[in-house]
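Me: Could you walk me through this structure slowly? I am new to this.

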Amino acid sequence: MSAKKTVVPTPSTGKPLKAANSPSAEHLHKEGSKSLFRRLLHKFIPANFDNIFGLTKRLLVEGEPAGRVAMVYSLAGLLLTPLDMFLQLFEKRLYKSATAPQLPQLFVCGAPRSGTTLTAQVLIKHLPVYYFNNLTSLFPRSPIMALKLFGWMMRGTKEDINFSSFYGRTTRLSFPNDALYLWDRWMGYDRTVIPESIPNSKQDAMRRFFGAMESFSQQASLNKNNALNTYAHLVAEVLPNAFFICLDRDPLYLIQSHYSARKFIHGNEKVSYGIRGNVPAAEDPIEDICRQVLFHREKIRIEQQLIGEDRFLILPYEDFCQRPAYWVGLIAEKFLQVEMDIAALEKVLPPFKTTNKRKIDEAVFEKIEQALSRLTMH
């Protein structure tokens, strides 16, 4: 099934959709002028942290085990860089001989803090799919070669996935990883920018990578990349067998989670967490987060209109928590043409407790409710 190539009008303006926050010439110049060390570090530590030293301290003092393990993996990845660069020579040979993938590629996306990690973990554990793990994060230039050579070292299998994470980070080498270092190859290193297009050379590189991964795994694949909720239509053009599962969470609790994430990741609720698109900044952080979250809610519906409901599924987070077995079965049938025994699945996959409850100061929570109500009245 091929992706739609016509540009459709947005519901509100009737004008052709233009991707928001596309890279400017000034931005591209700055990106190209980054030091070699900073580009090297970015493969393991995303560059959009406001204060990496403050974050390190919070991870050590307040963070959960997965956050501290992520720091160990980042350091290990830096130390393994020479080996990674050597293996890249052989990795490129895999890409050169690869053809376009024929099996489905499933992508879980959605606004940050919308439940994408849990959803991806559940689908990976219960669907016949291959996925990127923490071992590949140690070898961002040569992930397939790393799996070929060192996959035997991983403890456990995907059946051991325990549905726990810390800001998307997991513990074991065999557990899922977002593999954002792969997307940097094709979409650019600034993960806060929504790309306007994918150059032809990057399109070919993307097809060859997923073709090589399919040749190695002999399975359909599943990858989580939150940012795809803003540019899935570009990837859909490149990969005709790509399907998107986009999480949609109650905006009140999504805003609360963004507020907490800004404070923990940046140590400052005024600094954005994740993509904000072309939303004008607001002086008040609550107002700013509300605008950002509402932008994402509108964007996923535009993406679905561009791609079509047959390839872009909007999945309510709250309903997924209540009926995970139902949704696993639906996604298996819709995108993989695989029938599952829902009754048997329900026995091993009971409902999850939703995290939709107040977790911050009551006065701040009330301020979020008021701002959200005002902004959604128009």
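**Rings and charges**

Reply: R323 lies over the face of Y326, at 4.1 Å from the ring centre, where a charge sits over a ring if NZ of Lys or CZ of Arg is within 6 Å of the ring centre and within 35 degrees of the ring normal. This is a predicted model, in which local features need pLDDT of at least 70 and side-chain atom pairs count only at pLDDT 80 or more, while totals for chains, interfaces and linings use all residues. Residues are numbered from 1 along each chain as its sequence is written, and side-chain values use heavy atoms, with hydrogens and water left out.

Me: ok, and what does K125 sit over?

Reply: The charged end of K125 sits over the ring of F163, 5.1 Å from its centre.

Me: How many aromatic pairs are there?

Reply: The structure holds 19 aromatic pairs, counting rings of Phe, Tyr and Trp (its six-membered ring) whose centres lie within 6.5 Å, with planes under 30 degrees apart called stacked, over 60 edge-to-face and the rest tilted. One of them joins F107 and F210 edge-to-face, 5.7 Å centre to centre with 85 degrees between the planes.

Me: Are those two buried or exposed?

Reply: Both F107 and F210 are buried, where buried means under 20% relative accessible area, exposed over 50% and partly exposed in between (1.4 Å probe, protein chains only).

Me: New topic: how buried is H266?

Reply: H266 has a relative accessible area of 6%, so H266 counts as buried.
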